[in-house]
Structures are given as structure tokens and as C-alpha cells.
Amino acid sequence: MSINFKKVGKTYDNGTVALIDVSTVIEQGEFVTIIGLSGAGKSTLLKCINKIENVTYGDLYVNDILTNNLAGKDLRTFRRKIGMVFQSFNLISKTTVLRNVLTSRVADMPLWKTFLGIYSKEDKLIALEALNKVGILEKAYTRADQLSGGQQQRVALARTVAQEPNVILADEPVASLDPITAKQVMDDFKRINIEDNITVIANMHHVDLALQYATRVIGIRGGKIVFDGPVEKVDDDVLTYVYGRKLTAADNIG
Amino acid sequence: MKNKLQQAGTSIIHFFDKIIPKPKQVVLENGTIVNPPRSASMYITIALVIVIVYFSKITEFELAVIFRNFTNIFDFLNQILRPDFSYYSTVVPKVLETIRMAFLGTLVGALLSLPVAFFISANINKNAKWIGASVKVLLSLIRTFPMLVYARIILLLFIPGSGPLVGTISVTIFTFSILTKMLYEHIETIDLSAYEAIESTGVTKVKAFITAVLPDILPVYFSLSLYSFDINIRHSTVLGYVGAGGIGVILKRTLQNREYNRAGMILFIVFIAILSIEALSKYIRRRLA
């Protein structure tokens, strides 16, 4: 699944310009981190890919399909192949970990089964495998709100893995976690990226983590892509340009 | 103009100063003088007396009538406090009918309210806000009238004769209007992050609601439904007054015929039924919380 931005721009209804003339191609299996200041347009870039936000101008192709006008059933079918992980995990707190993971299987189920919460054996197996992959299988029957932040993010990752996507979009996936846990979660992302050849596109605040795990970095400043290249090419000059000032060791929190 | 009003204001206060004595000064041992603030209760009492006199004029309320017929109350109490227990074979089936009406009406009303509350919640249905808003206005219109009015209208216009069915429908309408309101107000306060996460996996809004929001609101939904059932039982007891079935039918008849012993029996059983259902509902609601 390739993602192709062709001169994409996004202006919000309140007049905020979030993206200006963004053009880039992301190929299947890449691990891309997007860096930049808060408000630079990182989240918007991510949310345009699965059409949580709609682009204002330009064309966005996913798998050579123009996504601009996707709606209804076509949009839902399209979204099934794109997983998303959020900064605040977005789990259903009052239910078990397994049921949270199973929610990603709901798309292909008839409505009455969804209503009664009847999941097939295969779906349960897929969900348990996904939990095993991120190392918290033993928490399958625990209520989601009884887990730590790191564990909750792993459940969210397992939920996305069980969706069997081609691409995982991660919006600040480790921003609310401590440094050690953040690394563990990033390791999970990396493993899934390599083992299952799933594209990972992650917004990151922690530059050191971003550089450590990514194969490619996209730097955004003021809604424009100001750097786009392999992680090896990111040096102090690039970071200074992306962030508008020099980053020092004191800025490393990961 | 403003000055004149102020003058009038101060002169009224002076007038009250004359008729209401100022609170007495308190002198402490060391000579400190404490001035207690003027109490407002005197003014409030005067205002209340004026209001009461005014409204009793409108309602043609006459104390004299009450005193003249005071002995009737003793007669009434004397009979009603000695219930005619042999009347239970008539009362119990009618009380059960009332409970059935209230139960079925609550059930149907509650079932209808959930999908409607989902569709009109502003945080879920962002695209059709005006539809939601107009349904909300319609709901508050429905809530304006008491259950009794619906029972009367339905009896007159649609289903004359069939009391219990009309009663059930009235309870349904009332429950639907009040429960939908309480539910959508609750849904509008909850955290929708899980709902959004599930929607992003390519799922319809309805399915996302069922998987992400329903587990969250289910305890509240049950609790509110039970509470409505509580209210409905009490309201249903008078539905029979307009001919809409239940215990109200015979309560009206016995009171009209001045069979106060029998009316006492009815009230006694209704009292027990309501108290036990209330206790049960309270117990279940506490377990749900």
C-alpha cells in the first residue's frame, strides 16, 4: 500500500492553515516518523491519510486510489486497511482487554452479533495472537482501566494489529508514557513493522526516539515539509531548521 | 425618573423601619457593641401573606367552608383507616394490571429511547445538528403534558374502550420523552475517544456506538429506566380516572360512591406495591452504580 500526497493542502474551518503544498510518497513497509513543533501540522498530515480530516486541495492517493471523495461504504472499506493508535490510547475503559482488541473485528460482523457481543472463534484467536505479539497476553481478561499507561498503549497496538492493517498511523503514541515504557512500546512498533511488513507512520515529540526507530524522517514546519529523507541524513542542521532553533542534549527526554 | 424610584424605595424602607423594630444592640462585658444585622424574615413573611391572600382570592379558597365541613374529614378518616379487607379479590388483579401497564410502557419507552438518544446526541451526530435540535424541541413539547392528558386524548380519538392498552401507550409516550432526554444528556457528557478509535477502523457509526459507547452507558441506562418505572407505577394509579385502565378505575368509583372502607383497601395495597417496587428498584440501582 503506497501513500501518495500530491500538493496537498489543508485549511480548517476556523481558518487555521495546517498543511501547505505537501507532496511525498510513502511505500509499503517503511517506518516513518514525522517531527516538528506542536501545531506544525503533524497530526493533520496523519489524519488526512485515513480521512479523519479531509484535504482542502490537492490529491491524496492510497494504493493508486484517489481518496478525496471517498464516502460511505467505500470509505469504511478503505479505512479497514489503515490502523490508528492514539496518544491517549482511546480504549473502552469499562470492558476487558480482549473485548477491546476484538472491537477491531467488528467491521466484518453482522449488526446483531455486534449488538450481542458474539465474536467468532477465529476473531478471538486473532485478538489473542495480537495480544501475545505485544507481550500482554496474560492481561486478556483484565479490565482495561486497571492497566498502566504503557500496558494500555500496548492493548491499543494489539487492537490495531488485530485489525490486520497495511498501515499503522500513530499519533504521538508514546507522548504520555515514561521513557522506559516509551522505548518498550516503540520496540513493539518496530517488531510489527519488520515481522509483518506493516508501514508505520508516527508523529513523535521525542526526537531521539524518532531517530532511533525510524528508517525515514519527515520534518514539518509551518505546514510545509522542510525535510524528507532517510534517518541517516538527519543532522543538527536539519533539526535546527525543523524546530527553528538548535536542539541540545537537554532536549532529549527519551 | 431614576431618582424618584430611589426615593420611593428609601421611603418604603423607612416605612418598614417604623413597623419592624430594629434588632436590639448587644453590649459585651468589655463594652464592645454588637449590632445584629436586620433580619429579612419579617419582609419575607409580609410578602408571603400578601401572596397567599392574593392567590386564595383567585382560587376562591374559603377557610370557612373548610371549618364548616371539618367533621367530614373525621368521617372519611374513620372509614378509610379501617380498610375493607374482603375487597382484596377485586383490588389485587387491578393493582397487577396497573403494574403490568407501567412495566410494559416503561419497557417499550426505554427500548425506543436508546436509538433516538443516540441519533440526537450532538457529540455523535455532528452532521445533522438541526434534526437533533428539532427532535429535542419535540421531546420537550411532549414532556409538557402529563401522562393523564395523553391517556385522555388517545381514549377520545384513537382507541376508545380499551383501557389498559391506552394506559400502556400513555406510559410509553411519557417514558420515551423523559428517558430520551436524560440519556442524550448523559451521552453528550461522555468521553468519545474509544468511539472515534473504533470508527477509524472502518466501522459504521451504529456499530461503533454499540461497541464503544454502549458498555459505558449501560449501567446508567438501566438505572434511569428503573427510575422511570418507579415514577410510572405511581402515575399509572391515577390513569384509571380518565378510563385508561388499572387501579384508578375502581379508586374513582369507590370514592364517588363514598365507599371509603373499600378506597382504604385500595390505597393500602397500592401503598404496599409501590413501596416494595421502590425498594427493589433502589436495591438494583445501587448494585448497578
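Reader: In which sense do β3(A) and β8(A) pair, and over how many bridges?
Author: The model is predicted, and local features need pLDDT of at least 70, side-chain atom pairs count only at pLDDT 80 or more, while totals for chains, interfaces and linings use all residues. Residues are numbered from 1 along each chain as its sequence is written, with chains lettered from A and ligands numbered from 1 in the order in which they are written. Strands are DSSP runs of E with at least two residues, numbered from the N terminus, and two of them pair if DSSP finds at least two bridges between them. A:F31 of β3(A) has A:V200 as its bridge partner in β8(A), and the two strands pair in the parallel sense over four bridges.

Reader: Which residue of β9(A) stands opposite A:I34?
Author: Strand β3(A) also pairs with β9 (residues 216–221) of chain A, in the parallel sense and over four bridges. Within that pairing, the residue opposite A:I34 is A:I218.

Reader: How many of the five residues of β3(A) are buried?
Author: A residue is buried if 20 or more other C-beta atoms, placed from the backbone, lie within 10 Å of its own. A:F31, A:T33 and A:I35 point one way from the strand, A:V32 and A:I34 point the other way, and all are buried. Strand β3 (residues 31–35) is thus mostly covered, and the number of its residues that are buried is five of five.

Reader: Which are the edge strands of the open six-stranded sheet in chain A?
Author: The order across this sheet of chain A is β6-β7-β8-β3-β9-β10, with mixed pairing. Two strands of chain A pair on one side only, namely β6 (82–85) and β10 (224–230).

Reader: What angle does the direction of α6(A) make with that of β6(A)?
Author: Angles run from 0 to 180 degrees between the N-to-C directions of axes fitted to C-alpha atoms, for helices over the stretch in contact; helices are DSSP runs of H or I with at least four residues. Helix α6 (residues 149–162) packs on the sheet and touches β6 and β7 of chain A, contact requiring C-beta atoms, placed from the backbone, within 7 Å. Its direction makes with that of β6(A) an angle of about 175 degrees.

Reader: Which residue of β8(A) stands opposite A:L169?
Author: Strand β7 (residues 167–171) and strand β8 (residues 199–203) of chain A pair in the parallel sense over five bridges. Opposite A:L169 stands A:I201.

Reader: What percentage of the residues of chain A count as buried?
Author: Chain A has nine helices and ten strands, and its C-alpha atoms fill a box of roughly 55 × 40 × 35 Å along the principal axes. Of its 254 residues, those that count as buried make up 43%.

How values were computed:
Two residues are in contact if their C-beta atoms, placed from the backbone, lie within 7 Å. A residue is buried if 20 or more other C-beta atoms lie within 10 Å of its own, exposed if 12 or fewer, and partly exposed in between; C-beta atoms are placed from the backbone.
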